[in-house]
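Morning, everyone. Let's go through the strand pairing in this one. Please bring up the model.

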Amino acid sequence: MNRFTKVCSFLLLLGSSLNWAIATPTGPLYPPPGGVTLGSSGSSGAPGGRTFTYSALNPSSYDDLYWGLAAPVSAGLNGSLNTLTFASATATTATFTGTTLWQDADPFGGLGGTGGMMSVNLQFILTLTGASFVSAGSVGLSPTLGVVADVNGTSFTANLQFLANYGSGWMALNNVEQLGSGRTVSNFSGGFYYTDSVGVPDSGATVGLLGLAGLALVGMRRRAQRA
């Protein structure tokens, strides 16, 4: 490999480093760059769930904008939060699953309502309108997030539903009968992630190296032409 080829290879490596730095999303944060207007209705544990409406987004303030979990989603029927993990997704619906312990509140039920506990399946379903899901790992975020919403426009909505199934089908979490208060719990925290080609910490240094390497390459070509 001659010197000219080596310098070309070096430039390609530097260019790849610069692209990687620009593409790494920053977040989670709220609000996103440029601001947002948030509206909400309903309850995530009730039938129909809770709907967040994000509007007045400003696409000129970032290159790419994503929205998703800012912390693990969790729920429980025994007063303790249990982490739900990503299970599957379509373009607009993501499902997270887990389990919790629950005390049968029916005195004539299988456990008699006298202190026996049973394991209950949990689901958290996140449904988008006006945006679509992409793999978190594919955009440089932690794969443990599962998916994030790729937000391309100025508004979108997200519907959140917590569900439980103790053997008689899925129902809203808040509809599961309890022996006392404080046993039904759930938690969701959402945040924005963005990329911006301006102000990336290591991009300036990389650009400087690219400039120096480019000048060296031009000099080498001129010397080769004179020879």
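In which sense do strand S7 and strand S8 pair, and over how many bridges? Antiparallel, over four bridges. S7 covers residues 85-89, and S8 covers residues 93-103. Keep in mind that this is a predicted model.

Stay with that pair. A hairpin of three residues takes S7 into S8.

Next, the five-stranded sheet. The sheet is open, and its order is S1-S15-S4-S11-S10. Pairing is antiparallel. Why is one side of S1 and of S10 left without a neighbour in the sheet? Strand S1, at 26-29, and strand S10, at 132-135, stand at the edges with a single partner strand each, so one side of each has no neighbour there. From one strand to the next, the twist averages 35°.

S1 and strand S15, residues 190-195, run antiparallel and are joined by two bridges. Leucine 29 has phenylalanine 192 in S15 as its bridge partner.

Last, the three-stranded sheet. This sheet is open too, ordered S6-S5-S14, with antiparallel pairing. Strand S6, at 82-83, and strand S14, at 185-187, are the edge strands, each pairing on one side only. Strand S5, residues 74-76, is joined to S14 by three bridges, running antiparallel. Serine 74 sits opposite asparagine 187 in S14.

That's the tour.

Definitions and conventions: Residues are numbered from 1 along each chain as its sequence is written. This is a predicted model: local features need pLDDT of at least 70, side-chain atom pairs count only at pLDDT 80 or more; totals for chains, interfaces and linings use all residues. Side-chain values use heavy atoms; hydrogens and water are left out. Two strands pair if DSSP finds at least two bridges between them. Axes are lines fitted to C-alpha atoms, for helices over the stretch in contact, and angles run from 0 to 180 degrees between N-to-C directions.
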